[in-house]
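Hello,

Please find the structure below. My notes on it follow.

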Amino acid sequence: MANAWFETVAIAQARAKKRLPKSVYGALIAGSEKGLSMRSNTESFDVLEFAPHVAGLSPSRDLATSVMGLDLAMPVIISPTGVQAVHPDGELAIARAATNRGIAMGLSSFASKSVEVIAAANDKTLFQMYWSGDRDTQLQRLERAKNAGAKGIILTLDWSFSNGRDWGSPWIPEKINLKAAFKLAPEVLARPRWLWSFARTGRLPDLTAPNMAPPGGKAPTFFGAYYEWMQTPPPSWEDVAWLRSQWNGPFMVKGVSRVDDAKRVVDLGATALSVSNHGGNNLDGTPAPIRALPAIVDAVGDKIDVVMDGGVRRGSDVVKALAVGAKAVMIGRAYLWGLAANGQAGVENVLDVIRGGMDSTLLALGKSSVRDLSRSDVVAPPDFYRKLGA
């Protein structure tokens, strides 16, 4: 490719689609059922409008903030995702890009790289956990994350079993063996650059989850780890409070969309919560996080760091989320498109695109800092916001 740089996340996605095998790209698109929430996450940003100024604009803008006690160069956090087959460097490329741009790295339990490797590459690593396995197993994972140097925990609760997708789900093998290779051969051979990127390393895509391995044990396959989660009864609020009590440090509960749930999260002593519907991969028909965000901020924003996760594709999206109350946003698909398009440099490209978009939006709004944003900077249509579980 003559010029690997891209100017928007949409272009990165287009390049990722051309580069990735159909099944891998389909896994990143994800979504659930009819895809209502997945589409609403991005489309809801489109109907929020700005109220810009034309003079008296600030000659410089400060994008820095602090979330969960971590200083960030801009109010963006890498949302934890499993990316085993996107790029050979996987989460390590993402962690290095995040370090180079001064932001925190969320590492999934289902990641292809260990928490030890990632925490060594990014000193703002947040280890993500699901309520999976018995309490002893979860304590072992907490201890491992602590010993590795993770600075905080993200407990993800916005994920329930999805009953299919109207556009079909990609076939993902348990592991890459001869049978799987033969079945995937037509779509893989149609993407020679992706195949060559792995061939150069001498490794096939790793479909294991090393962070779910028992002490001294073998890493389970992704589906083995997924099965453990599916067989674990969902947590009670007492369970969540217990897990929080076992971690002496920053602790985020991810997946909140209701005000009453947000208040419970505050009561159990969490330091942050994420307004999220798991990128539209959870219960379809859940309102977009940007719509549910203001009511939660109004209820608990003075007691806890509130971040928003879902649908962010541009710097202006980040500014809209901050204007209606978020302290930062988390991004997922956006950096995955960058990783697929150009590895670590592609992730850095995405982060630069978002930062540039934030800076230009702040300029137009006449703001000198992200801390100066308020709801008067955006215009929402009637009945845009949602107040759930008040």
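Arg101, Glu348 and Asp352 are linked in a network of salt bridges, a salt bridge being a side-chain nitrogen of Lys or Arg within 4 Å of a carboxyl oxygen of Asp or Glu. This is a predicted model, in which local features need pLDDT of at least 70 and side-chain atom pairs count only at pLDDT 80 or more, while totals for chains, interfaces and linings use all residues. Residues are numbered from 1 along each chain as its sequence is written, and side-chain values use heavy atoms, with hydrogens and water left out.

Between Arg101 and Asp352 the closest N and O atoms are 2.7 Å apart. Arg101 lies in the loop between helix H4 (90-100) and S5, and Asp352 in helix H14 (residues 333-365), so the pair ties together parts that are 251 residues apart in sequence. Helices (H or I, at least four residues) and strands (E, at least two) are DSSP runs, numbered from the N terminus. The structure holds 15 salt bridges; among them is Lys327 with Asp305 (3.2 Å, N to O).

Asp305 is buried, at 15% relative accessible area, whereas Lys327 is partly exposed at 35%. Buried means under 20%, exposed over 50%, and partly exposed in between (1.4 Å probe, protein chains only).

Strand S6 (residues 125-129) has five of its five residues buried, so it is largely enclosed by the rest of the structure. Thr125, Phe127 and Met129 point one way from S6, and Leu126 and Gln128 the other. S6 pairs in the parallel sense with S5 (residues 105-107) over three bridges and with S7 (residues 152-156) over four; pairing requires at least two DSSP bridges between the strands.

Regards
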